[in-house]
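Notebook, one protein chain. I looked up a few single residues, then the chain as a whole.

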Amino acid sequence: MDNPAALIQRQLEAYNAKDIDAWLATYAKDARQFHLHGECFAAGHEQMRQRMQIRFQEPDLHARLVSRLVMGNLVVDQERITRNVAEGKAEVDMICIYEIKDGLIQTASFAMTEPRLMES
């Protein structure tokens, strides 16, 4: 079984490869994703798949790990994400808090900045 940091690294690599099946394989079947201190926006693999299939269509999508903190079964990543928004190519800063149970991500909570347009 992966340690929590190795699991989250696999998840990050699958995200950057836009490999939806490998990405989902890091999450429990009944995993939930939340806005930090807020609402659940995806519950279970089917909702997560629908959401990420749209995101993975962005040609410039890429997450760069800025820092990682591991405390037991919790992993906190600070990432800089390149995205494609209506106005063009943009970056957002994101904090991701993952709770690992039985070797899979059980819950994930996210906080992010507003997109900043990047120069061409």
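I started with Q33, which counts as buried at 1% relative accessibility; buried means under 20% relative accessible area, exposed over 50%, and partly exposed in between, with a 1.4 Å probe and protein chains only. The model is a predicted one: local features need pLDDT of at least 70, side-chain atom pairs count only at pLDDT 80 or more, and totals for chains, interfaces and linings use all residues. I number residues from 1 along each chain as its sequence is written, and side-chain values use heavy atoms, with hydrogens and water left out.

Q33 sits in strand β1, residues 27–35. Helices (H or I, at least four residues) and strands (E, at least two) are DSSP runs, numbered from the N terminus. I then listed what Q33 touches, leaving aside neighbours within four places in sequence: W23, Y27, E39, C40, F41, A42, M48, R51, A108 and F110. Contact here means heavy atoms within 4.5 Å. With Y27, the side chain of Q33 also makes a polar contact of 3.3 Å. A polar contact is a pair of N or O atoms within 3.5 Å; within protein, one must be able to donate a hydrogen and the other to accept it, and residues adjacent in sequence count only if both atoms are side-chain atoms.

Next I checked backbone angles. H37, in the loop between β1 and β2 (40–43), has a positive phi of about 60° although it is not a glycine. H37 counts as exposed because its relative accessible area is 81%. D102 is another non-glycine residue with a positive phi, near 55°. I found D102 in the loop between β5 and β6 (104–112), exposed at 68% relative accessibility.

Where is E87? E87 is in the loop between β4 (74–85) and β5 (88–101), and its relative accessible area of 62% makes it exposed. I also took the C-alpha separation of E87 and M118, which are 31 residues apart along the chain: 9.9 Å.

Last, the whole chain. I count 3 helices and 7 strands, in the order α-α-β-β-α-β-β-β-β-β from the N terminus. The radius of gyration is 14 Å, which agrees with the value near 14 Å for a compact globule of 120 residues; it is taken over C-alpha atoms, and the globule rule is 2.2 Å times the number of residues to the power 0.38. Of the 120 residues, 37% count as buried. Among contacts between residues at least 6 apart in sequence, 47% join residues at least 24 apart.
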